[in-house]
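Here are my notes on this one, as numbered points. Have the coordinates open while you read.

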Amino acid sequence: MKKALITGITGQDGSYLAEFLLEKEYEVHGIVRRVSTFNRQRIEHLMADTEADIYKEKKFFIHYGDLTDSSSLHRIMRDIQPDELYHLGAQSHVRVSFDIPEFTGNTTALSTTRLLEAIRHDSPKTRFYQASSSEMFGKVQEVPQKETTSFYPRSPYGIAKVYAYWMAVNYRESYNLFACNGILFNHESPRRGENFVTRKITSGLVEIKKGKKEVLYLGNLNAKRDWGYAKDYVEGMWLMLQQDKPDDYILATNETHTVREFVEEVCKLLDFDLVWDEKGIDEKGIDKKTGKTIIKIDPKYFRPAEVDVLIGDYSKAKEKLGWEPKVKFKELVKIMVEAELKGNI
């Protein structure tokens with residue numbers, strides 16, 4: 001039985017990856033921080049009723065550690081000796097990274113160095129997956145973006161991810177570690193945090209539909225993103241670590257849609273008759289059926305430096321890994337809206 005260790009296991013990607021690996025009959029281990037309030041709702045269904053059941057039946061374990069604490073990472077690595085390590089944990093909110101750049105660098109960039117050092121010294125046969133990001137492309141140098149496209153990050157988060165990317169490459173080349181970068185474009189699901197724009201839109205508009213909220217405030221409606229389904233993308237992560245040689249791959253849909261389009265698609269599914277009025281920061285979305293304003297712009301959600309368009313070319317992953325996205329834009333939006341309506345988050 002293979003062992004896998006996942007950082008960020010309580011997040012969207014970590015929870016889907018844990019499910020995927022358990023179905024593959026892995027023994028799955030996750031690192032969680034010790035905090036005063038629980039944030040394990042995404043993995044609660046994987047937990048058995050008692051500690052004994054976890055060890056006997058589920059093959060699912062959690063370990064206390066922190067990405068800023070090297071000693072805990074070395075201890076966990078020595079104890080588990082995982083076959084595969086998926087590094088998904090980070091301060092992953094791009095807009096927030098402008099407010100806490102130092103913390104973002106510490107958790108998103110330096111954590112990769114800490115984990116690679118733990119592998120090098122304590123478990124050198126462990127295969128390492130680094131969660132890289134399309135935000136590394138930032139002010140894009142070509143469209144669509146490929147594995148060979150130059151990076152031009154436009155946020156502390158993107159910069160931290162570029163550091164982590166090159167550190168994975170460096171350890172691969174310097175110490176012959178099996179280290180892969182998965183350059184994932186935006187991937188969403190009902191498990192996305194509510195402070196990320198897609199989930200903010202679906203949850204906000206469903207609340208308006210149910211009469212629990214009046215207005216949804218958003219930032220840049222014209223930002224273009226390549227949106228896929230997180231559940232598809234975790235399979236791509238796994239496939240990267242099953243290859244004979246480590247390499248770097250883009251996972252994307254090769255489609256781009258604006259935030260505005262995402263809003264419009266959600267409104268169609270919820271039977272709002274949406275029309276746009278005014279321009280710039282005064283723009284608003286009105287439901288023609290009621291005459292009520294349901295969308296407004298709040299400048300506090302604008303980034304100091306914006307990424308205008310992201311669209312990924314996943315042809316290398318298709319050719320080498322046999323991977324391609326199963327769920328595209330409209331189906332993704334439908335999955336998220338239906339889950340929101342059912343309260344199935």
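1. Start with strand 4 (residues 84–87), where Glu84 and Tyr86 point one way and Leu85 and His87 the other way. All four are buried, meaning under 20% relative accessible area with a 1.4 Å probe and protein chains only (exposed is over 50%, partly exposed in between). Strands here are DSSP runs of E with at least two residues, helices are runs of H or I with at least four, and both are numbered from the N terminus.

2. A caveat before going on: this is a predicted model, so local features need pLDDT of at least 70 and side-chain atom pairs count only at pLDDT 80 or more, while totals for chains, interfaces and linings use all residues. Residues are numbered from 1 along each chain as its sequence is written, and side-chain values use heavy atoms, with hydrogens and water left out.

3. What does strand 4 pair with? Strand 1 (residues 3–7) runs parallel to strand 4, joined by four bridges; pairing requires at least two DSSP bridges between the strands. Leu5 has Leu85 as its bridge partner in strand 4. Strand 4 also pairs in the parallel sense with strand 5 (residues 127–133), again over four bridges, and there His87 is partnered by Gln130.

4. Strand 5 carries on to strand 6 (residues 179–184) through six bridges, also parallel. Phe128 stands opposite Ala179 of strand 6. Because six of the seven residues of strand 5 are buried, the strand is largely enclosed by the rest of the structure.

5. Zooming out, the protein chain has 11 helices and 15 strands. The radius of gyration is 20 Å, which agrees with the value near 20 Å for a compact globule of 345 residues; that quantity is taken over C-alpha atoms, and the globule rule is 2.2 Å times the number of residues to the power 0.38. Along the principal axes, the C-alpha atoms fill a box of roughly 65 × 50 × 40 Å.

6. Of the contacts (heavy atoms within 4.5 Å) between residues at least 6 apart in sequence, 74% join residues at least 24 apart.
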